[in-house]
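Okay, thanks everyone, let's get going.

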Amino acid sequence: MKVCKRCLYSEGHALNLTFDKEGICSGCRVHEEKDSIDWIEREKKLLKLLDFYRAKTKKNYDCIIPISGGKDSYFIVDLIKNKYKMRPLLVAYNKQYNTKMGIRNLNYLKTIFQCDCIENTINPNLSKKITRYTLDKIGSIYWYNHLGTTTFPVQVAAKYKIPLIIWGAHQGIDQVGMFSHTDEVEMTRKYRKEHDLMGYEAEDMISEKDELYERDMSKLFYPSNKDIETIGIRGIYLNNYIRWDSKLQHEEMIKKYNYETMQQTRTFNTYDNVDCFMYSDLHDYIKYIKLGYGKVTDHVSREIRLNHLSREEGLKIVEKYQYNFPKYLNMFLEWLEISEKEFFKKLEKFNKLKKEDINKLEKRVLFNENIHSRDLLYTNNEKFIINSRTNCIDDKILLFDKGYINNIKGN
Ligand SMILES: [Zn+2]
């Protein structure tokens, strides 16, 4: 299998990669644009676009920003509201595998930036039924979250007639160079279905014998083409307009707003997806057995391209994290109410690993405990900061938690 000479991606990447004569992958080649594009010009183009919507939406919100308590949301809201002076409506989909830290990050975000926010929690029983079904059918414990986070903001755009949705980085550009930054690719139903949703819409998951009825699933249907056209809904990606460096952006947010971060089981990255017990843990373990690489390879490849890591350092980091057994497996089994045996039986048909890699997985002991410390700024070997407001241990899934409030100075 071909592996890129610069990053650690191989031709087995889920989004498809191509390689040139020098053995460099398309993701690395498109990444090179980051150092040749005139970003001042790109930003001017973005400002023009934002001005257009601001002028158009006088009595309404200027745009929608989908947010979570675990990723680029602080950076995006800070940029769009404070720097570019837009009036965003924040939209959050409850992923239900919430960590306390994720709930804190989300609540502080709303308070710090003083924004209105609409949140959606689907019936927790329905989320379990969907998860049982998708685990069986497509080997995914995360599909309903991908569905919700990519559908709910568009539903809100349609309902409140707010045409502009602002997303962070486009994964296809960032990981595999599927498009150039200058193509200015926007959100499409097709890309979302093929890549985020593994080829399945909510409509395709209706199954009466699994108690997934149309009346329930229809809450998660994507708005009609007619609605999208009439309102003129479009979703833009900020990484087409500003030079995207997720690590530096997060570090700026830690400094400015005390964004909280934590050590994770299967990746050195302490910034992404800290709102969710399963994403970088069990969900990533499943990704690894299905595809032969995990989130740590995504994170390492990204940092190599940004010159934050060398290729050699990256290889060592992948070796260190890739085989870690998921820490939160039992928590998930309890939540879904299935046995460990049943769970692994269901996964069997999706397992594409070679025998030697399976052996490594079986031998690997649990990763050491999370580090929790009040106001601790700690840098691990891979130079990612761990920052927490509390020393409480995150040990159970929370559907909701109280807010954290209010004596924070906003802007
Ligand atoms: Zn590459």
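Nonpolar here covers Ala, Val, Leu, Ile, Met, Phe, Trp, Tyr, Cys and Pro, charged covers Asp, Glu, Lys and Arg, and the others, Gly among them, are polar.

A word on what you're looking at. This is a predicted model, so local features need pLDDT of at least 70 and side-chain atom pairs count only at pLDDT 80 or more, while totals for chains, interfaces and linings use all residues. Numbering runs from 1 along each chain as its sequence is written.

The bounds are 38-240 for domain 1 and 246-388 for domain 2; they come from an automatic or database domain assignment. The C-alpha centres of domain 1 and domain 2 lie 23 Å apart.

Now go back to H4 and find Leu 109, which lies in that helix. Helices and strands, by the way, are DSSP runs numbered from the N terminus (H or I, at least four residues, for helices; E, at least two, for strands). Is Leu 109 buried or exposed? Buried, with 23 other C-beta atoms within 10 Å. The cut-offs there are 20 or more for buried, 12 or fewer for exposed, and partly exposed in between, with C-beta atoms placed from the backbone. Leaving aside neighbours within four places in sequence, Leu 109 is in contact with Ile 67, Ser 73, Tyr 74 and Val 77. Leu 109 and Ile 67 are 42 residues apart in sequence, but C-alpha to C-alpha they are 9.2 Å apart.

Next, Tyr 93, in strand S2. Tyr 93 counts as buried, with 25 C-beta neighbours inside 10 Å. Beyond four places in sequence, its contacts are Asn 120, Gly 148, Thr 149 and Phe 152. Tyr 93 and Ser 68 are 25 residues apart in sequence and 7.6 Å apart in space, C-alpha to C-alpha.

Most residues other than glycine have a negative phi. Lys 85, in the loop between H3 and S2 (88-93), has a positive phi near 60°. Gln 96, in the loop between S2 and H4, also has a positive phi, near 70°. Lys 85 counts as exposed, with 10 C-beta neighbours inside 10 Å, whereas Gln 96 is buried, with 22.

Last stop, a helix pair. H13 (residues 295-305) and H14 (residues 311-321) pack at about 165°, axes 10 Å apart. The axes are lines fitted to C-alpha atoms over the stretch in contact, with angles from 0 to 180 degrees between N-to-C directions. That makes H13 and H14 roughly antiparallel, meaning an angle over 145 degrees. Who meets whom? From H13, Val 296, Thr 297, Val 300 and Ile 304 meet Arg 311, Gly 314, Ile 317, Val 318 and Tyr 321 in H14. That contact divides into six nonpolar, two polar and one charged residue.

Note on methods
Parallel < 35°, antiparallel > 145°, perpendicular 65-115°, else oblique. Contact = placed C-beta atoms within 7 Å.
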